[in-house]
Amino acid sequence: MIKTYGLHHISALVGDAQTNVDYYTQILDMRLVKQTLNYDDKFTYHLYFSDNKGETPLLTTFPFPTQEKTKVSGGQVMTQILSVNPDKFDEIIQKFDRMGIEYELDLDRLIFKDPDGLRLSIQKKVNNYSQPILDSAEILSVNYLKTLQLFTDILGYEIVDEDDRRIYLKVHDDIGGELILLKENTPMGQIMRGTVHHIAFKVKDDEIEDWRKLLLEKGYFPTEIKDRNYFKSLYFRDKGGVIVELATFGPGITLDEDVEELGETFIIPKHFKEFKDEIFTRLKSIKLKENK
């Protein structure tokens, strides 16, 4: 039986690209590991953030500078959950206080919003990383029982805990192996600035065809398999409204950049090369600042 292997990435819509890069690299201390284009839109950046080596699940963004903000609703990721070593947690709170960033403390969980209104949290978790990393997500569904069925019956997650408001799911114990599903049914949300577009799960490279066949058998409507250069993937909408992507492990983001140089070069996908001059005219370049 094929199964998924935890979070691959979460992709959200934001506003200004430079503001987005500055916030996630300077405030949250993540690393920009790839600056490329939305493979379906040659005039929109696709920015990838991860740990310093690009090994952890990716937090990615599509900047739309003129788009209005909206609120999270059904069929969307409500909260992107980062984790950090316990000894760094107080440092982050002190940094937020020093910079006047608003937040809430819920037990050992720091809850806040980025400049575009995306809801984030940072929780304590012992790991081998020196910075906050994408670790989990809290999901809001139009029909949470149908979404639960997808996770447990098809994607391979198990229920490990439950309370009045949440169902806690796990597929493995490493980074990116946990999810939280909210036990409420909420009207379908709009995908606009300040919301997550899709959540992606890792699958083995040689099983992506099998996944498409399985989803069709189970009554879903997956897209054709798409080549995203760094991975192959397919997309479908969960019966609770969530847009889900299944993405392969490889070839990975070091395909065209060494680890030491990740994110430093703006990379135009092959199928957009002929539009290079127009792309550079339309897109404002991103300046990378030294992380102090």
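**View 1. Lysine charges over aromatic rings.** A charge sits over a ring if NZ of Lys or CZ of Arg is within 6 Å of the ring centre and within 35 degrees of the ring normal. In this predicted model, K239 and Y220 form one such arrangement, with the charged end of K239 placed over the ring of Y220 at 4.6 Å from its centre. K42 has its charged end over the ring of F275, and the distance to the ring centre is 4.7 Å.

**View 2. Aromatic pair Y45 and F266.** A pair of aromatic rings is described by the distance of the centres and the angle of the planes. The structure contains twelve aromatic pairs. For Y45 and F266, the ring centres lie 5.4 Å apart and the planes meet at 65°, so the pair is edge-to-face. The pair connects distant parts of the chain, the two residues being 221 residues apart. Y45 belongs to strand 3 (residues 41–50), while F266 is in the loop between strand 16 (243–251) and helix 5 (276–282). Y45 and F266 are both buried. Elsewhere, one aromatic cluster is made up of Y23, Y24 and F49.

View 3. Eight strands make up an open sheet with mixed pairing, in the order 2-3-4-1-13-16-15-14. Strand 2 (31–38) and strand 14 (226–227) are the edge strands, each pairing on one side only. Strands of a sheet pair through backbone hydrogen bonds, either parallel or antiparallel. Strand 13 (residues 196–203) runs parallel to strand 16, and five bridges join the two. In this pairing, F201 is opposite L246 of strand 16. Helix 4 (residues 208–217) packs on the sheet and touches strand 13, strand 15 (231–237) and strand 16. The direction of helix 4 makes about 10° with that of strand 15.

**View 4. Strand 1 and its two partners.** Strand 1 (residues 7–14) has eight of its eight residues buried, so the strand is largely enclosed by the rest of the structure. Strand 1 pairs with strand 13 in the antiparallel sense over five bridges, and S11 stands opposite H198 of strand 13. Strand 1 also runs parallel to strand 4 (residues 58–63), to which it is joined by six bridges. The bridge partner of I10 in strand 4 is L59.

**View 5. Helix 1 and the residue that follows.** Nine of the eleven residues of helix 1 (residues 17–27) are buried, so the helix is largely enclosed by the rest of the structure. The buried residues are A17, Q18, N20, V21, D22, Y23, Y24, T25 and I27. Two of these, Y23 and Y24, belong to the aromatic cluster with F49. At the start of helix 1, a side-chain oxygen of D16 comes to within 3.3 Å of the backbone nitrogen of Q18. After helix 1 comes D29, located in the loop between helix 1 and strand 2. Phi of D29 is near 65°, a positive value in a residue other than glycine. D29 has a relative accessible area of 29% and is partly exposed.

View 6. N127 is located in the loop between strand 8 (119–124) and strand 9 (133–141). The relative accessibility of N127 is 13%, and because buried means under 20%, N127 counts as buried. The N127 side chain has a polar atom 3.2 Å from the backbone oxygen of K125. A polar atom of this side chain also lies 2.8 Å from the backbone nitrogen of Y129. Not counting residues up to four places away in sequence, N127 touches S83, V84, N85, I133 and I175.

View 7. The peptide bond that joins G250 and P251 is cis, with omega at about 5°. P251 is in strand 16. N229 lies in the loop between strand 14 and strand 15. Phi of N229 is near 70°, which is a positive value in a residue other than glycine. At 24% relative accessibility, N229 is partly exposed.

Key
Residues are numbered from 1 along each chain as its sequence is written. This is a predicted model: local features need pLDDT of at least 70, side-chain atom pairs count only at pLDDT 80 or more; totals for chains, interfaces and linings use all residues. Side-chain values use heavy atoms; hydrogens and water are left out. Rings of Phe, Tyr and Trp (its six-membered ring) pair if their centres lie within 6.5 Å; planes under 30 degrees apart count as stacked, over 60 as edge-to-face and the rest as tilted. Helices (H or I, at least four residues) and strands (E, at least two) are DSSP runs, numbered from the N terminus. Buried means under 20% relative accessible area, exposed over 50%, partly exposed in between (1.4 Å probe, protein chains only). A polar contact is a pair of N or O atoms within 3.5 Å; within protein, one must be able to donate a hydrogen and the other to accept it, and residues adjacent in sequence count only if both atoms are side-chain atoms. Contact means heavy atoms within 4.5 Å. Two strands pair if DSSP finds at least two bridges between them. Axes are lines fitted to C-alpha atoms, for helices over the stretch in contact, and angles run from 0 to 180 degrees between N-to-C directions.
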